[in-house]
Structures are given as structure tokens and as C-alpha cells.
Amino acid sequence: MLQCTAFTELPEMGARVALMGLEDEPGGASEAPELDAFLLCELGEHEEGVEHAAQLPSMSASGGRDLWMFWTDGDGRRKFRFAELLPCPAVIHRLSVKDGDACVLFDRHPAAHSWDVTDPLADLMAERIREEVRRDRGDGGAEGVRGGGS
């Protein structure tokens, strides 16, 4: 399943207030995480009425919960909400019962688990990086051979 392509500008003040609410130690001020200006929905493709969702980075997640931002577009306006949610408990075991990949979404998320969601843009970027590395290694090896034969 392809990843949802919806993105939004992060309402920074709302995100900072929500992150401040995660402080679980009184007086234990943690360093504020760096936030991206835009967020991409992390869910797989979903129906139009389902909220988009993106996880926000936090320095201290209280009680094993993660901070998620949800948004919808409707009536010509974008509506945001923040929620502190437990992670999805699902784990997929491919080759070993001991080792597995955990779903990185929130508990009771709609659509597919994260391991079934593919991001074509990330795949394309990874392939481009691999091509650049191959080209750099190939050019470097060719120069070494040419330089040694002169």
C-alpha cells in the first residue's frame, strides 16, 4: 500500500504547547526538539474522511506514549489536533520468532501497519543516493587505476 501524500504546515505554537504537556518530571525541563516546518501523513492511503496523522519528535515521551498531530481539510479550513497515544502493539516476524519489526504508528490506527506502507519518494531518494555512491566509487577507482599507470 502506498503512503498517503497529504502534507501540512506545522502549527508551531500548537506543537510547542503540546510538547510542553509531555514533561513528566516536575522541574525537569528538557531541551525542545527541532521541528520540521512541514509534516507528511505517515498513514497508508486512506479514505477522505479519515484524519491525516504525523508523529512529532519529543525528548521525553511520558508513559511510553508518542505525540501525534492529526489534521483534516474541510469547509475550506484545515483543522488540527494533538494527541498523546500509545504505540501500535503489532510486530511482524519475518525470519525469526525472536526478531521482528514493530509497527511505528499509533495504537488502533486506520489502514495498514507501517511495514505494509511504501513511500515511493523515499524509495526514489534512496535509489538516487545508491547511484551517486556507485558513481563516486566507480570514478574514484578509475582515477586510481589511471593515476597508477602514468
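1. Two strands count as paired if DSSP finds at least two bridges between them. Strands themselves are DSSP runs (E, at least two residues), helices are H or I runs of at least four, and both are numbered from the N terminus. With that in hand, 3 strands here form an open, antiparallel sheet in the order S3-S4-S5.

2. A quick word on what you're looking at. This is a predicted model, where local features need pLDDT of at least 70 and side-chain atom pairs count only at pLDDT 80 or more, while totals for chains, interfaces and linings use all residues. Residues are numbered from 1 along each chain as its sequence is written, and side-chain values use heavy atoms, with hydrogens and water left out.

3. Overall, the protein has 2 helices and 7 strands, and along the sequence they read β-α-β-β-β-β-β-β-α.

4. Back to the sheet: S3 (52-56) and S5 (77-85) are its edges, each with a single partner strand, so one side of each has no neighbour in the sheet. From one strand to the next, the twist averages 25 degrees (axes are lines fitted to C-alpha atoms, for helices over the stretch in contact; angles run from 0 to 180 degrees between N-to-C directions).

5. S4 (residues 66-74) pairs with S5 over 9 antiparallel bridges. Leu67, for instance, has Glu84 in S5 as its bridge partner.

6. Helix H1 (residues 12-20) lies across S3, S4 and S5, at about 15 degrees to S5.

7. Contacts (heavy atoms within 4.5 Å) are worth a look too. Of those with a separation of 6 or more, 50% join residues 24 or more positions apart.
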